[in-house]
Amino acid sequence: MPLLFFAACFFFTAPFVHCSRSLLLTPRPTAVLDVAEAIEKTRNVLSFTPVGQSLSASPTSFLSLQIYPRASVHKTSHPDYKSLTMSRLQRDSARVTSLATRLDLSVSGISKSDLKPLGKRLEFGAEGLESPIVSGSSQGSGEYFSRVGIGKPQSQVYMVLDTGSDVNWVQCAPCADCYQQSDPIFEPSLSSSYSPLNCETQQCKYLDDSECRNDRTCVYEVSYGDGSYTVGDFVTETITLGSDSVNNVAIGCGHNNEGLFVGAGGLLGLGGGPLSFSSQLNATTFSYCLVDRDSDSASTLEFDLALPPNAITAPLLRNHQLDTFYYLGLTGISVGGELLPVPQSAFQLDESGNGGIIIDSGTAVTRLQTDTYNALRDAFVKGTKNLPSADNVALFDTCYNLSSTSSVDVPTLSFHFPEGKVLPLPAKNYMIPVDSDGTFCFAFAPTSSTLSIIGNVQQQGTRVGFDLGNSRVGFVPDKC
């Protein structure tokens, strides 16, 4: 019995996990949730002062950008944390709908341009890098932002960082319709490096939705599942990250933009398609670390640095129907040290392009197929019988009233990968506050789509690295 006990505890050892001995049976590992600290953050986030428009990045020997949470860039107008949470969840649902719709269209072979004439929106027609990361909240508004320079001389804007998108774009003057952003609208006439792309160029042909204006100029459109969109000229520009510049990057110059993009001036695509920023850099690797969404601190997005030897790795898979998404080779999920009774096929991508689980920076809450989610929730509820329950909140059906305690023990939750590799999550990455009164909810949700998604709540505080050359994704906890 002592040997069995030692093996179980050693297997799940992590900075945030502990085991307690039982005389009757092998104990199940638990994680400590700091309730008081989490509630304090919910109160502070409403009073953050935006980081401002003047940010500099330290020069480094590799491409890198700073990343900031949305809360630290765009001051919230919500009166309380519950209101902020509901807004986040609403945007997150729009994001998930967007990703699922895009996959469905790709698998079915239907082009978005077959569903609506792009031309109806073209009424505007006249003729080793480093930077910080910030948090946002949906496909439209984004979860995390970075400060990027556009053009020569550069105009700095916040851009959403998005692993679920390929096309880079920025709002441009003249605007037929532009939403509010934190910085002045980019003025292409003032940039010496601005160059429109011809319709015959390969970059234009890579676009899902494009048209020719005057039989020559490439016009792009990117639309999202919630009705947000951007339309404009497809061009090449110089992109500056920190002190380093990249010339001739294909980017959309959006003259007609609408939706939930408030705050950021555009989007930097980090997906797997040929138009993404990482692909145009010919980066062999990139990694990011997402700080707490309720934090005013920053971390980094880094290119061309090898995964560290202590990274917990998993296969990085691709869908031949849609090369944008990063699919993860997941074999199972455990709660309290016990694997869920679900088949591995629940996480696998099939030959038709359905199923599978992607890792995404723009989705907040992890979505799992309904049967898998139900098994996960039931196992977690079984291990939290001692905690007082609370009413459901929006998409969360498992919530607790922790107002009378400063910390609690909850069952560990771990992702399992091939070759026996295991990534345990900190308790704060799956038990999150939804108000400032002590209501915490289990931060997973079911989806009716065949696509499952690991969201950024579960990624917070972990450096996530994509080794594109070796088709691996790596996780290094506590390395923001």
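Biologist: How many aromatic pairs does the count come to?
Modeller: The count comes to 13 aromatic pairs. Keep in mind that this is a predicted model.

Biologist: Where do Tyr288 and Phe466 lie in the chain?
Modeller: Tyr288 is in strand β15, residues 285-289. Phe466 is in strand β32, residues 462-467. The pair links distant parts of the chain, 178 residues apart.

Biologist: Are Tyr288 and Phe466 buried or exposed?
Modeller: Both Tyr288 and Phe466 are buried.

Biologist: Which residues do ring pairs link into a cluster?
Modeller: Phe277, Phe286, Tyr288, Phe303, Tyr326 and Phe466.

Biologist: What about Phe380 and Tyr400, stacked or edge-to-face?
Modeller: Edge-to-face. The angle between the planes of Phe380 and Tyr400 is 75°, with 6.3 Å centre to centre.

Biologist: And which parts does that pair tie together?
Modeller: Phe380 lies in helix α8, residues 370-382, and Tyr400 in strand β24, residues 399-401. So the pair ties together parts that are 20 residues apart in sequence.

Biologist: Why does Phe380 count as buried?
Modeller: Because its relative accessibility is 0%, and buried means under 20%. Tyr400 is buried too, with a relative accessible area of 4%.

Biologist: Switching to charges. How many salt bridges does a search of the whole structure find?
Modeller: The search finds 13 salt bridges. One of them joins Asp294 and Arg88, with the closest N and O atoms 2.9 Å apart.

Biologist: Are Asp294 and Arg88 buried or exposed?
Modeller: Asp294 counts as buried at 5% relative accessibility. Arg88 is buried as well, with a relative accessible area of 12%.

Biologist: What does Asp183 form a salt bridge with?
Modeller: With Arg147. The closest N and O atoms are 2.9 Å apart. Asp183 lies in the loop between β8 (169-171) and β9 (195-196), and Arg147 in strand β6, residues 143-150, so the pair ties together parts that are 36 residues apart in sequence. Asp183 and Arg147 are buried.

Biologist: Which ring does Arg147 lie over?
Modeller: Arg147 lies over the face of Tyr158, at 4.5 Å from the ring centre.

Biologist: Back to β32. Which residue does Arg463 meet in a salt bridge?
Modeller: Glu302, at 3.9 Å, N to O. Glu302 is in strand β16, residues 299-303, and Arg463 is in strand β32, so the pair ties together parts that are 161 residues apart in sequence. Glu302 and Arg463 are buried.

Biologist: What does the side chain of Asp467 reach?
Modeller: The side chain of Asp467 reaches the backbone nitrogen of Gly469 at 3.4 Å. Not counting residues up to four places away in sequence, Asp467 touches Thr284, Thr285, Leu307, Leu316 and Arg472.

Biologist: Last one. Which residues are linked in a network of salt bridges?
Modeller: Arg95, Asp162 and Asp360.

Note on methods. Residues numbered from 1 in each chain as written. Predicted model: local features only at pLDDT ≥ 70, side-chain atom pairs only at ≥ 80, totals over all residues. Heavy atoms only, no water. Phe/Tyr/Trp six-rings, centres within 6.5 Å; stacked < 30°, edge-to-face > 60°. Helix = DSSP H or I, 4+ residues; strand = E, 2+ residues; numbered from the N terminus. Buried < 20%, exposed > 50% of the residue type's maximum accessible area, 1.4 Å probe, protein only. Lys NZ or Arg CZ within 6 Å of the ring centre and 35° of its normal. Polar contact = N/O pair within 3.5 Å; in protein donor to acceptor, adjacent residues only side chain to side chain. Contact = heavy atoms within 4.5 Å. Salt bridge = Lys/Arg side-chain N within 4 Å of Asp/Glu carboxyl O.
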